[in-house]
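Here are my notes for you on this model, in numbered points. Keep the structure open while you read, and look up each spot as it comes along.

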Amino acid sequence: MNTRSFWAVPLALALAAAAPAQTPAPVIHRYAAGATGLFVNAYLVETPHGVVAIDATLTESDSKALRAQLDSLGKPLLAVLLTHGHPDHYNGVTNLLAGRAVPPPVLATAGVDSVIRANDAAQEAQWKPLFGDEWPAQRTFPSRIVRDGESVTFDGATFIVHALGPGESYNNSYWVLQGRRGTRRNPGTPGAAFIGDVVLNGVHAYMADGHTAGWLANIERVRDALAPDMAVYPGHGDPGGPDMLDLIVGASGTDLDIGWRGVAHNFPLAPNATLRMCLNTCGPDGTPPCGMQALVGAQEPNGATFGPPLPLLSANVPICVVNEWNATIMLRELAATFRNRLSISRWFSPKRLGSS
Ligand SMILES: [Zn+2]
């Protein structure tokens with residue numbers, strides 16, 4: 001008689017019966033603001049006994065609606081995690097915390113925290129005239145600083161923060177909700193990344209802070225860091241996968257805009273084209289400011305899709321777009337924006353045909 005197999009089966013059954021039931025995976029709820037709230041997202045990560053918020057929206061109306069969504073879950077708020085220091089991500093923290101005897105912690109990296117504290121008054125002075133009563137009268141700042149790479153756990157959900165430095169804002173970070181390894185009985189869950197405004201997915205990008213080269217570097221860095229099966233939750237626009245960090249011209253609805261004053265808009269771009277650009281002239285250790293160069297032409301990686309040069313008629317004035325980028329002009333005169341899926345702007349400098 002084979003005693004080994006005789007005992008093995010009941011033992012396995014007994015172990016299975018004794019194993020604790022696996023905690024349910026967190027459920028991620030999205031709050032998506034409309035146009036008056038700049039299409040910003042906040043997320044509520046629901047665990048068995050609580051909720052962790054990621055960002056908090058901009059306006060009074062949106063943050064109150066976010067609070068109502070949170071309250072409808074019937075669980076306590078455990079923490080607020082901030083991705084970066086733009087008001088559309090932290091203004092609503094006050095409404096999330098309102099009325100709580102023991103307010104939960106508001107977590108941010110030191111860089112994000114310092115940007116909020118340094119710029120909050122100036123942001124209010126600039127934007128309150130536009131938003132009026134929708135601008136929260138009180139803002140709540142972070143109460144707990146987290147280090148780059150630090151992990152925090154709330155009700156079994158573990159988040160790791162990654163500091164990115166300047167990019168879409170003066171200081172950015174992203175949070176990764178750790179996934180779970182699967183077992184024979186319980187399937188695993190992939191991780192989820194809350195990337196803030198590293199990508200504005202299908203929403204026109206905010207370029208005014210000017211760290212474009214740092215932003216491009218952040219995109220590359222986050223793209224490299226995320227596992228292919230991760231869910232990715234951007235600060236604006238629809239969630240998706242890591243491919244939202246691929247800079248690809250959308251299949252439809254994408255155009256090229258040049259200039260702030262509308263002299264040249266809506267030039268069509270080839271669907272699904274990819275523009276490869278190189279950072280150059282960085283400091284010896286790769287630090288910005290960097291130049292950016294896209295080589296185009298039949299013999300170059302980008303092929304002839306984008307030039308060179310790309311002849312255009314703008315208000316009956318012949319211009320050509322050359323694929324050179326110059327940080328000193330990017331916020332003044334010339335902007336080329338790939339919209340739709342791309343969500344990141346590229347900069348070109350046009351020059352008149354025939355000029356030297
Ligand atoms: Zn934003």
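1. Start with strand β5 (residues 106–109), which is joined to β6 by three bridges, the two running parallel. Ala108 is the residue facing Ile145 of β6. Two strands pair here if DSSP finds at least two bridges between them. The names come from DSSP runs numbered from the N terminus: helices are H or I with at least four residues, strands are E with at least two.

2. Before going on, bear in mind that this is a predicted model: local features need pLDDT of at least 70, side-chain atom pairs count only at pLDDT 80 or more, and totals for chains, interfaces and linings use all residues. Residue numbers start from 1 along each chain as its sequence is written.

3. Now zoom out to the sheet. Six strands make it up, in the order β1-β2-β3-β4-β5-β6; the sheet is open and its pairing is mixed. At the edges sit β1 and β6, each of which pairs on one side only. From one strand to the next, the twist averages 25°. Angles like this run from 0 to 180 degrees between N-to-C directions, and axes are lines fitted to C-alpha atoms, for helices over the stretch in contact.

4. Two helices lie across this sheet. Helix α5 (residues 110–131) lies across β5 and β6, at about 105° to β5. Helix α2 lies across β1, β2, β3 and β4, and runs at about 155° to β1.

5. How far should the 13 residues of α2 (residues 60–72) span? At 1.5 Å a residue the answer is 18 Å, and the end C-alpha atoms are 18 Å apart, so the two agree.

6. Which residues of α2 are buried? They are Glu60, Asp62, Ser63, Leu66, Arg67 and Leu70. Buried means that 20 or more other C-beta atoms lie within 10 Å of the residue's own; exposed means 12 or fewer, and partly exposed is in between, with C-beta atoms placed from the backbone. The buried residues of α2 pack against β1 (27–32), β2 (41–47), β3 (50–54), β4 (77–81) and α4 (93–97).

7. Two loop residues deserve a look. Most residues other than glycine have a negative phi. Phe39, in the loop between β1 and β2, has a positive phi near 55°. Thr57, in the loop between β3 and α2, also has a positive phi, near 70°. Phe39 is partly exposed because 18 other C-beta atoms lie within 10 Å, while Thr57 counts as buried because it has 31 C-beta neighbours inside 10 Å.

8. Gly149 sits in the loop between β6 (144–146) and β7 (151–154). Is Gly149 buried or exposed? It counts as exposed, because it has 9 C-beta neighbours inside 10 Å. Beyond its neighbours within four places in sequence, Gly149 is in contact (C-beta atoms, placed from the backbone, within 7 Å) with Ile160 and His162. Gly149 and His162 are 13 residues apart in sequence, yet their C-alpha atoms are 5.3 Å apart in space.

9. Last, find strand β10 (residues 192–201), joined to β11 by six bridges and running parallel to it. Phe194 stands opposite Tyr233 of β11. The chain passes from β10 through helix α6 (residues 212–225) to β11 in a right-handed β-α-β crossover. Right-handed means that, with the strands pointing away from the viewer, the path from the first strand over the helix to the second runs clockwise. Five of the seven residues of β11 (residues 231–237) are buried, so this strand is mostly covered.

Key
The expected span of a helix is 1.5 Å times one less than its number of residues.
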